[in-house]
Amino acid sequence: MTAVDEADLRSRVARLSLDQKVRLLTGADFWALYPEPGAGLRRVVTSDGPAGVRGETWDERDSSANVPSPTALAATWDCDRVAAIGRLLAAEARRKGVDVLLAPTVNLHRTPYGGRHFECFSEDPLLTARIGVAYVRGLQGQGVGATVKHFICNDSETERMSVDVRVDERTLRELYLAPFEAIVREAGAWTVMASYNGVNGSTMTESPLLRSILHDEWGYDGLVMSDWTATRAAEPAARAALDLAMPGPVERFGPWGHALLEAVRAGHVDEALIDDKVLRILRLAARVGGLDGAVPPTPAPVDVPRELRAAAAASFVLARNERTLLPLDGSGLGRVALIGPNAEIARTLGGGSATVYPPYTVSPLDGLRAAGLDVAFAPGVLGHLRPATARAPWLLRPDGSGPGADLRFFSPRSAPRRRSPG
């Protein structure tokens, strides 16, 4: 990788006017950062998400590899395999013109009511840390930035965007901070995302923890971006160690822009803080190849179906194998019964920021039949829902047939995309 040294980065910051610097601190649009020719900075693109690289636009015409859920990845207990998934995601990101992936999510499974827990690795901070380190190393080793999120304590569904989490010091450090610390210190994460919620009285985009923990204790030299629309005020967030307010443009989504410019001119926000934020943006751009003179490595070729199948298979835990029934290889077996609509229609995705459009999926029914097994299928009592559940492009089989083959698909390109990636 061709690098840009720190002295060069600082000289680029010094060439910019205050107006130019403040402009860089809010996204240009929903997914990307502003280019700045005066600093040799091109447009830097971010993308969801936890289960594959979505890209800036997505529908069945622009498909993505559907990676097993992060919970499944952690259930492999296999850091080498997860690092390989990180390399796969890097190749996907570059194929889709993406520089920074908004993953991994390393919040903890604290309650079964957490609707986004499938995006997280585990309830255990040690397992989450080890899997997260492997994921980030695999991804960033190929020149694509990771975004470790959501810093911090964004672990519940109730009032997710506004709750103030009250937590004692020992619990905060031994549970909630532990995965972030390992990933920042060991894997050198390039980006951290500040969450919507507050902790001990401060909303996280304005929290003193960003500076006292990330900067002062852990020596973090990367960028802190907000979760989408989580930046709520100009001056408090600017004085905190928040570097980038997402999304943009500021006229629609952000509190910075002119308000921040006036705060600096009035002496309410030190311009040195602005310079540090811009420096971190340029440092991230250099790492992903978004700055003149910086060239990231070219991701190695990946056998995508093979890696995805291997990761999914490794995530299963066999509790008991009565009479050596498994593996199901067809030898000595009678018929295998599959009951219920999800046996025929593969359900491989959650919602929100984890939604991607794979080119096809293989259902349990198709997979067992392809393996040569004699399978009897009954749709069960929910079979009447089959037409509704088939309205998605990922229901196509590899040969183009399947329950979705004759449907007209709704194209999200014509629909608003304002679902939070955080």
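The model is predicted, and local features need pLDDT of at least 70, side-chain atom pairs count only at pLDDT 80 or more, and totals for chains, interfaces and linings use all residues. Residues are numbered from 1 along each chain as its sequence is written, and side-chain values use heavy atoms, with hydrogens and water left out.

**Aromatic rings**

The whole structure holds 7 aromatic pairs, where rings of Phe, Tyr and Trp (its six-membered ring) pair if their centres lie within 6.5 Å, with planes under 30 degrees apart counted as stacked, over 60 as edge-to-face and the rest as tilted. Select Trp-31 and Trp-228 to begin: the ring centres are 6.0 Å apart and the planes stand at 45 degrees, so this pair is tilted. The two residues are 197 residues apart, with Trp-31 in the loop between helix H2 (18-23) and strand E1 (46-47) and Trp-228 in the loop between strand E8 (223-226) and helix H9 (234-239); helices (H or I, at least four residues) and strands (E, at least two) are DSSP runs, numbered from the N terminus. Both Trp-31 and Trp-228 are buried, that is, under 20% relative accessible area with a 1.4 Å probe and protein chains only.

Then move to Phe-151 in strand E3 (residues 145-151) and Phe-180 in helix H7 (residues 178-187), 29 residues apart. Their rings form an edge-to-face pair, 5.2 Å centre to centre with 90 degrees between the planes, and both Phe-151 and Phe-180 are buried.

**The largest pocket**

Now select Leu-308, Arg-309, Ala-312, Thr-348 and Val-362, which lie nearest the centre of the largest pocket among its 33 lining residues. On a 1 Å grid over the protein atoms alone, a pocket is an open set of points where a 1.4 Å probe fits, with protein on both sides within 12 Å along at least five of seven lines, and lining residues have an atom within 4 Å of a point. Helix H12 (304-314) is one of the helices that each supply at least two lining residues, and H12 gives the most, with 6 residues.

Finally, show the open sheet of 3 strands, in the order E4-E6-E7 with mixed pairing; two strands pair if DSSP finds at least two bridges between them. The edge strands are E4 (164-165) and E7 (202-203), each pairing on one side only. Strand E6 (residues 198-199) and E7 run antiparallel, joined by 2 bridges, and Gly-198 has Thr-203 in E7 as its bridge partner.

Methods. Buried < 20%, exposed > 50% of the residue type's maximum accessible area, 1.4 Å probe, protein only.
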